[in-house]
Amino acid sequence: MNQEETKQINQDRILSEGIERELYDFRDEETDAQFYRMKEGLTEEIVREISEMKHDPEWMLEFRLKSLALYDQIKMPDWGPSIDGLNMDNIAAYVRSRSDMKGSWDEVPEDIKNAFEKLGIPQAERESLAGVGAQYDSELVYHSVREDVAKQGVVYTDMESALTGEYEQMVKDHFMKLVPPTDHKFAALHGAVWSGGSFVYVPKGVKVEIPLQSYFRLNAKGAGQFEHTLIIVDEGADLHFIEGCSAPKYNIANLHAGCVELYVRKNARLRYSTIENWSRNMYNLNTKRAIVEEGGVIEWVSGSFGSHESYLYPTSVLKGEGSHAEFTGVTFAGAGQNLDTGAKMIHIGKNTSSFIDTKSISKGGGISTYRSSVEIRKSAEGSKASVNCGSLMLDSISRSDTIPAVDVRTDKADVGHEAKIGRISDDAVFYLMSRGIPESEARAMIVSGFASPVSKELPLEYAAEMNNLIKMEMEGG
Amino acid sequence: MAEKLVEIENISAGIEEGQILDGVSLQIGPGQTHVLMGPNGAGKSTLGNVLMGNPVYRVSGGRILFDGQDITELGADKRAQLGMFMSFQNPLEVPGLSLEEFIRNAIRQKTGKPIKIFQFKKQLAEAMELLGMDESYAGRDLNVGFSGGEKKKAEILQLLMLRPKFAILDETDSGLDVDAVRTVSKGIEEYQKREEGSLLIITHSTRILESLHVDHAHIIVKGRLVASGGEELVAKVNEEGFEAFS
Ligand SMILES: Nc1ncnc2c1ncn2[C@@H]1O[C@H](COP(=O)(O)OP(=O)(O)O)[C@@H](O)[C@H]1O
Ligand SMILES: [Mg+2]
């Protein structure tokens, strides 16, 4: 069977099986016997305790304490969605299973294993991934990399192992150098309490043919997840990394303040794909940034679903001459959601190019704000940037805003911008219905089509998952 | 099967701003081809849309039966599933949804069964060849960037693939050059022959009728049917226009 046929069968299966709302919303009670839970709040004592539990090297403890001091000084952001509902005194910064990380799936505790199996994690690994990491609450519970990939010299491990093992120096040289804790309040918070995440190093010239994937599941109630992802793709190397996130529904606030730092060296290429699907009680204040050297390429593919409020603007720093960045993203804001998402491009090197293509969808009174910034420095002569953002509102109570900023400091640059805001067309819905397609299905097809620039960039299973999420959002009240 | 496939009984319909159709009655038997002609703005498309169940139009009186069943209150999707179809005067564009994917979804909705992909592909390729459509169109976004003629061909392609019992063809010939009209007619003939389906052909010209057998013709002016008859009505319109009917 060729790939297209598989794709069709998968799509057909997903469409005909309908939607399993339970898929992401299941939650498991965490008992004291199985889970260690740090008390709520953020104090020096708590930060020291986390550091000790994690067996941090001395410099990391210092780093955490400095970050904490910064956190106390830096103001809350006042330019985006309100985060008044988030009270750090009610958030447990650290929750872990009492079981250690496993390299064998069979050894992962039963309840956690079940959770991931429901999400299809080990299955995906067997079928189409070069390596998998699975984080549950604050710590990785499972990590593995295919033998042939490991033989190529590819390092794929949890951050803690990287920090205490032979890659300590490499981690030290890069950790929060791209996103310093001074960047904003939640970067400082991340620096103080980060835990979990993945470390990837792809050596010079190594092309990893199939993707690596880390999946982050925040199961605990009233907790924070602060995973750190650090990826270094060395000269001429090539990697596709996939990140998936989800959490069950609670009626009190949860916080996700992860940090992703991507180093793309000379002539290297990195594709970073994400499907985030948070529950509606989540404050998603995530920071992602890439720096690209000469001739390198970063490609972001991003699907943002769920959460109560999101601030998310993956940033590409195009430092080297001729480097290139692409961002393709979709955001879906339903009832009670305020999602502020977009991308940021900083052109420093000569003849750099960037391309932003985003789609925002809002429904049921949801607010979707597209916010982007393209900065072309004086040094970036001969650079090109193009921004294309589209919004689709599914009813008259939803909102969509577009805030694109452009700052060009050289006259030898070319910046294009196009924005379209529209509503779903009743005529188009009728057109599809006149072919026998039920109304809800017709609407979902139009919305999936609108979001297709993103799903087309995702591997098959993830594109199917994304279309499924769109259907769930469309049917949800 | 009922003696009449489609029975339009004294239908009045319109939009918020006012009535458009005023007591229209029309019956179409299985396998019959009817023609609906009339000047611009007479209500032809409105009648097609009301038959197909476009919620933009409110039916204020009368009823519609299909195969003996009262469908006046039924949604468009249900009507299609019963075997109705309309080729749109202005087919809509749906970015990101390919023509092929769309047809496949529609067939699956109708049959309620998974599609046999190989067979489907073969039928699609044959139908596209008949209509002189390049195979690359199957993967293109539905009607996006299609010329007027390509859109109409894509409508007839759907007609051939969905195999309805009854199809409304709204101005399928308008804006097409001579060759395209001929190709589209070929598709319609194929439908008549293969499915023995019924047709309501809406047109304000008569070019498309040259190669098709017509059982009945109706003239609509200002929302009312003003004349009904056989093929000779078409000839009369050809010579005298609609003046004689108003
Ligand atoms: N959705 C609509 N909104 C407003 N006016 C409409 C709408 N549909 C039809 N009309 C009006 O009703 C009349 C009949 O239109 P239509 O059925 O499209 O005519 P025809 O197809 O015979 O040219 C015209 O005056 C047209 O402007
Ligand atoms: Mg018309």
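**H12 against H14, chain A**

I started with helix H12 (residues 439-450) and helix H14 (residues 460-475) of chain A in this predicted model: their axes come within 10 Å and cross at roughly 130°. Axes here are lines fitted to C-alpha atoms, for helices over the stretch in contact, with angles running from 0 to 180 degrees between N-to-C directions. Helices are DSSP runs (H or I, at least four residues), numbered from the N terminus. The angle makes H12(A) oblique to H14(A); under 35 degrees counts as roughly parallel, over 145 as roughly antiparallel, 65 to 115 as roughly perpendicular, and the rest as oblique. I noted the crossing as right-handed (near helix turned clockwise from the far one by less than a right angle).

Who touches whom? From H12(A) I listed Ser440(A), Glu441(A), Arg443(A), Ala444(A), Val447(A) and Ser448(A), and from H14(A) Asn467(A), Ile470(A), Lys471(A), Met474(A) and Glu475(A). Contact means heavy atoms within 4.5 Å. By class I get four nonpolar, three polar and four charged residues. Nonpolar covers Ala, Val, Leu, Ile, Met, Phe, Trp, Tyr, Cys and Pro, charged covers Asp, Glu, Lys and Arg, and the others, Gly among them, are polar.

**H3 against H5, chain B**

Next I looked at helix H3 (residues 99-111) and helix H5 (residues 148-162) of chain B, whose axes come within 10 Å and cross at roughly 30°. This crossing is right-handed. Leu99(B), Phe102(B), Ile103(B), Ala106(B), Ile107(B) and Lys110(B) of H3(B) meet Ala154(B), Leu157(B), Gln158(B), Met161(B) and Leu162(B) of H5(B). I sorted these into nine nonpolar, one polar and one charged.

**Chain A with chain B**

The two chains bury about 2,500 Å² between them, 62% of it on carbon and sulfur atoms (accessible area, 1.4 Å probe, lost on being put together, summed over both). I find 26 residues from chain A and 36 residues from chain B in the contact.

How many salt bridges are there between chain A and chain B? The count is one: Arg435(A) with Glu155(B), closest N and O atoms 2.7 Å apart. A salt bridge needs a side-chain nitrogen of Lys or Arg within 4 Å of a carboxyl oxygen of Asp or Glu.

**Salt bridges overall**

One I wrote down is Glu160(A) with Lys54(A), at 2.3 Å, N to O. Glu160(A) is in helix H8 (residues 159-164) and Lys54(A) in the loop between helix H3 (44-53) and helix H4 (58-73) of chain A, 106 residues apart.

**Conventions**

Residues are numbered from 1 along each chain as its sequence is written, with chains lettered from A and ligands numbered from 1 in the order in which they are written. Local features need pLDDT of at least 70 and side-chain atom pairs 80 or more, while totals for chains, interfaces and linings use all residues; side-chain values use heavy atoms, leaving out hydrogens and water.

Conventions: Helix = DSSP H or I, 4+ residues; strand = E, 2+ residues; numbered from the N terminus.
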